[in-house]
Amino acid sequence: MVLNMKAIQVQNKGKESSLTIGEVPLPSPNEDEIRVKTKAAAINRADLDQRKGHYPPPEGATEILGLEMAGVVEECGSNVDQWQVGDRVFGLLPGGGYAEYCAIHKDMALPMPEAMDFTEATAVPETFLTAFQSLVWLGTLREGDTVLIHAAGSGVGTSAIQLARKLFDTQIIATAGKQHKLDTAENLGATFTYNYKEQNYAEEIIHNLGEDSVDLIIDFIGKPYWYKNIEVLAMDGRVVYLSFLGGHKIKNMSLAPILSKRLKIMGSTLRSRSRDYKIGLTADFWKRTQSLFEEQKLYPVIDSTFRWTETEQAHRRMQQNKNTGKIVLTGM
Ligand SMILES: NC(=O)c1ccc[n+]([C@@H]2O[C@H](COP(=O)([O-])OP(=O)(O)OC[C@H]3O[C@@H](n4cnc5c(N)ncnc54)[C@H](OP(=O)(O)O)[C@@H]3O)[C@@H](O)[C@H]2O)c1
């Protein structure tokens, strides 16, 4: 007998897509997985792209939206010995968070700190792991570096500022398009903040910190920031591209500064990485941050919480760039 559960389903994938709650088969964990009763799931920009048809799940992953969850272990596969039924866990998923239950590999799940509730825990994995991967594994951030974090009010931006502040003694510059997002960035540890709609951040950085002063840039915007980024980067500077919210085609681009400043221009994804890579990333992240989360020195910035029956409204809030930090779904 096939058991069913409720999950959010995308109707008419594309520009006119809508969301409904429907019945799908209950995921059955394999020997290395646990089945979790989902208590909360968080929204990511990628979910908006997936329902538009621009961001298909990796091969073998469920079509159900949702890249992260927090919940309670309900069943364990035969090779699972570190988890027990009833444990509170959270973790990164290749999809499947917007549902009553999900299956997750035993080594991708993390134990929820005592002080965290499900709403907070689900808001950690995707943005903190992305930020950690970008700053530490790819960007090789070092003590004394200056780091520029764009879209500072985004889920990834609010996580990256905290990691750069709490894991390293760095100088942090942040950009965003609204004053309250810049205020949040400052509260989280940014030293210099610029409103990209009103200021030329490159001119401001050069004025305040001097020429060639930024060691690492985390960029989600792309085209409109390319020349400004190149202008402020220091010798041996690095840029990690995570998205191109402002476009990705740059006309008449000169490669000369890449050579003369010995720059490293990188791009990255998280969802399409192998499971082993993600297990390694999760383990390294947790080794370096667990006590900080337990002591609430690191925490997800929660913008708002919606019942999962209101996911459409929650998506609209993100689409309109209204959120500062994470939007969370509950009640599944
Ligand atoms: N490659 C990866 O591994 C990876 C992983 C996770 C996320 N991402 C990407 O990282 C980005 C952040 O994700 P998220 O879920 O944290 O996003 P989010 O919370 O929705 O924040 C995105 C913010 O970017 C700003 N923005 C949007 N369009 C812009 C433009 N044209 N110019 C300047 N700023 C703009 C807006 O803030 P303002 O009000 O400041 O304009 C918006 O609120 C997304 O693009 C996502 O797809 C990539």
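Helices (H or I, at least four residues) and strands (E, at least two) are DSSP runs, numbered from the N terminus. This is a predicted model, in which local features need pLDDT of at least 70 and side-chain atom pairs count only at pLDDT 80 or more, while totals for chains, interfaces and linings use all residues. Residues are numbered from 1 along each chain as its sequence is written, and side-chain values use heavy atoms, with hydrogens and water left out.

Let us start with Lys326, which sits in strand E15. At 3% relative accessibility, Lys326 counts as buried; buried means under 20% relative accessible area, exposed over 50%, and partly exposed in between (1.4 Å probe, protein chains only). Contact here means heavy atoms within 4.5 Å. With neighbours within four places in sequence left aside, the contacts of Lys326 include Ala42, Ile43, Asn44, Glu68 and Asp303.

How enclosed is strand E3 by the rest of the structure? Because 9 of its 10 residues (residues 33-42) are buried, E3 is largely enclosed.

A nonpolar core is a set of buried Ala, Val, Leu, Ile, Met, Phe, Trp, Tyr and Cys residues joined through side-chain atoms within 4.5 Å. In the largest such core, of 81 residues, Ile34 and Leu135 touch the most other members. Helix H9 (residues 275-294) gives the most to this core, with 7 residues. Another core, of 21 residues, lies apart from it and has Leu26, Ile64, Tyr98 and Ala99 among its members. Not counting residues up to four places away in sequence, Ile34 touches Val73, Trp83, Ile104 and Ala109, among others, and also both Cys76 and Cys102.

The structure holds 0 disulfides, a disulfide being a pair of cysteine sulfur atoms within 2.5 Å. Cys76 is in no disulfide, and the nearest cysteine sulfur, that of Cys102, is 13 Å away. Cys76 is partly exposed, with a relative accessible area of 27%, whereas Cys102 counts as buried at 3% relative accessibility.

Now for the ligand. It is surrounded by 26 residues, and the closest are Gly177, Lys181, Tyr196, Ser243 and Ser268; a residue is near a molecule or strand if one of its heavy atoms lies within 4 Å of it. A polar side-chain atom of Tyr196 lies 2.5 Å from a ligand oxygen atom. A backbone N or O atom of Val156 lies 2.9 Å from an oxygen atom of the ligand, and for a backbone N or O atom of Leu270 the distance to a ligand oxygen is 3.1 Å.

Lys181 belongs to helix H5 (residues 179-188) and counts as buried at 10% relative accessibility. Its C-alpha atom is separated by 11 Å from that of Asp303, 122 residues apart along the chain. Leaving aside neighbours within four places in sequence, Lys181 is in contact with Gly153, Ala176, Asn321, Asn323 and Thr324. A polar atom of the Lys181 side chain lies 2.8 Å from the backbone oxygen of Asn321.

Asn321 itself is placed in the loop between H10 and E15, and is partly exposed at 35% relative accessibility. Phi of Asn321 is near 60°, a positive value in a residue other than glycine. Most residues other than glycine have a negative phi, and most peptide bonds are trans. Gln296 also has a positive phi, near 60°; its place is in the loop between H9 and strand E14 (302-307).

Methods
Polar contact = N/O pair within 3.5 Å; in protein donor to acceptor, adjacent residues only side chain to side chain.
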